[in-house]
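Subject: Structure handover and findings

Hello,

The sequence and structure are below.

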Amino acid sequence: MLKAIRNNIPNAITCLNLLCGALAVAAAFSAYDDVCCGLKGYQLAVILIGLGAVADFCDGLVARLLGAVSGIGKELDSLSDLVSFGLAPAMLVLNVLWGIFPGQWWPLVTMLIPVFGALRLARFNVDTNQTTTFTGLPIPANAMFWIGYAWWLAVSRVEQAEFHVSVAAVVVTVLLLSWLMVCDLRMFSLKMHSFALRDAWRQYVMILAAILLVALLGVPGFSFLILLYVVICYADKCVLMFKGK
């Protein structure tokens, strides 16, 4: 009995991630309305996606601490990530854009985000080499970019009467981020596997950048943080190509 409870604690935390993602989807449909505690829908959706990310970090940590790693837990984690970091940010951006472009169909291009997120997760599940490094943009990082982007769009729409969004820029951004999730670019893990500066300098750079960008720009700073992440990974690739590796 106690063993069964212990083994399911990580799965329960994973389900919290899934629940946060589902609630974020619901909140996204009231993007510009006051929905809870004075928060607008887009603000609540961002908070819920962030809570889902915390749960996503904790479930793996707890599973390793309890020795409760399982195949079911891995599959449940992927399904939860698809909702919280694929579907939820896509619905958030979609509804924010519909508030700016009511009645137009083109914002549905954001539905490519969960589609390519699913491809990214499926590839991750069958690739045993993705442990300390990843192939393509991890789906939680994808979500971080989109919550920053959606927040910027929503705040700009609310605060500026003459706010104009480039349709082409949004479409290109969706296509680019979707492609990054399934491309062959090797990307380092944002989790700390060593505290030695030589081994973890990239993670330290990301931590310092996160503090500075969020302090200066607020939530939109997360979008620039992910762009920095991609640039560092691409620079690593260029260095390896130069060395002939």
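Predicted model: local features only at pLDDT ≥ 70, side-chain atom pairs only at ≥ 80, totals over all residues.

Residues are numbered from 1 along each chain as its sequence is written, and side-chain values use heavy atoms, with hydrogens and water left out.

**Pocket**

A pocket is found on a 1 Å grid over the protein atoms alone: an open set of points where a 1.4 Å probe fits, with protein on both sides within 12 Å along at least five of seven lines. Lining residues have an atom within 4 Å of a point. Grid points are joined across faces, edges and corners, and a volume is the space filled by probe spheres set on the points.

The second largest pocket has a volume of about 320 Å³. Its lining has 14 residues. Nearest the centre lie Arg186, Cys233, Asp236, Lys237 and Leu240. By class, the lining holds 7 nonpolar, 1 polar and 6 charged residues. Helix α8 gives the most, with 6 residues. β4 and α8 each supply at least two. Helices (H or I, at least four residues) and strands (E, at least two) are DSSP runs, numbered from the N terminus.

**Salt bridges**

How many salt bridges does the structure hold? There are 3. The criterion is a side-chain nitrogen of Lys or Arg within 4 Å of a carboxyl oxygen of Asp or Glu. For exposure, buried means under 20% relative accessible area, exposed over 50%, and partly exposed in between (1.4 Å probe, protein chains only).

- Asp236 and Arg202 pair at 2.7 Å, N to O. Asp236 lies in helix α8 (residues 221-243) and Arg202 in helix α7 (residues 197-217), so the bridge ties together parts 34 residues apart in sequence. Arg202 is partly exposed, at 23%. Asp236 is also one of the residues nearest the pocket centre.
- Arg123 and Asp184 pair at 3.9 Å, N to O. Arg123 is in helix α4 (residues 112-126), and Asp184 is in the loop between α6 (167-182) and β4 (186-188), 61 residues apart. Arg123 is partly exposed at 28%, and Asp184 is exposed at 63%.
- Asp34 and Lys40 pair at 3.4 Å, N to O. Asp34 is exposed at 57%, while Lys40 is partly exposed at 23%.

**Core**

A nonpolar core is a set of buried Ala, Val, Leu, Ile, Met, Phe, Trp, Tyr and Cys residues joined through side-chain atoms within 4.5 Å. The largest one has 60 residues. Leu92, Val96, Leu137 and Tyr229 have the most contacts inside it. Helix α5 (residues 139-159) gives the most to this core, with 11 residues.

Contact means heavy atoms within 4.5 Å. Leaving aside neighbours within four places in sequence, Leu92 is in contact with Ala28, Tyr42, Ala45, Val46, Ile49, Ile147 and Ala150.

**Two single residues**

Ala27 is found in helix α1 (residues 2-28). Ala27 is buried, at 7% relative accessibility. Beyond four places in sequence, Ala27 touches Gly41, Leu44 and Ala45.

Thr173 is in helix α6 and is buried at 16%. Not counting residues up to four places away, Thr173 touches Phe145, Trp146 and Tyr149.

Best regards

Notes: Nonpolar A, V, L, I, M, F, W, Y, C, P; charged D, E, K, R; others polar.
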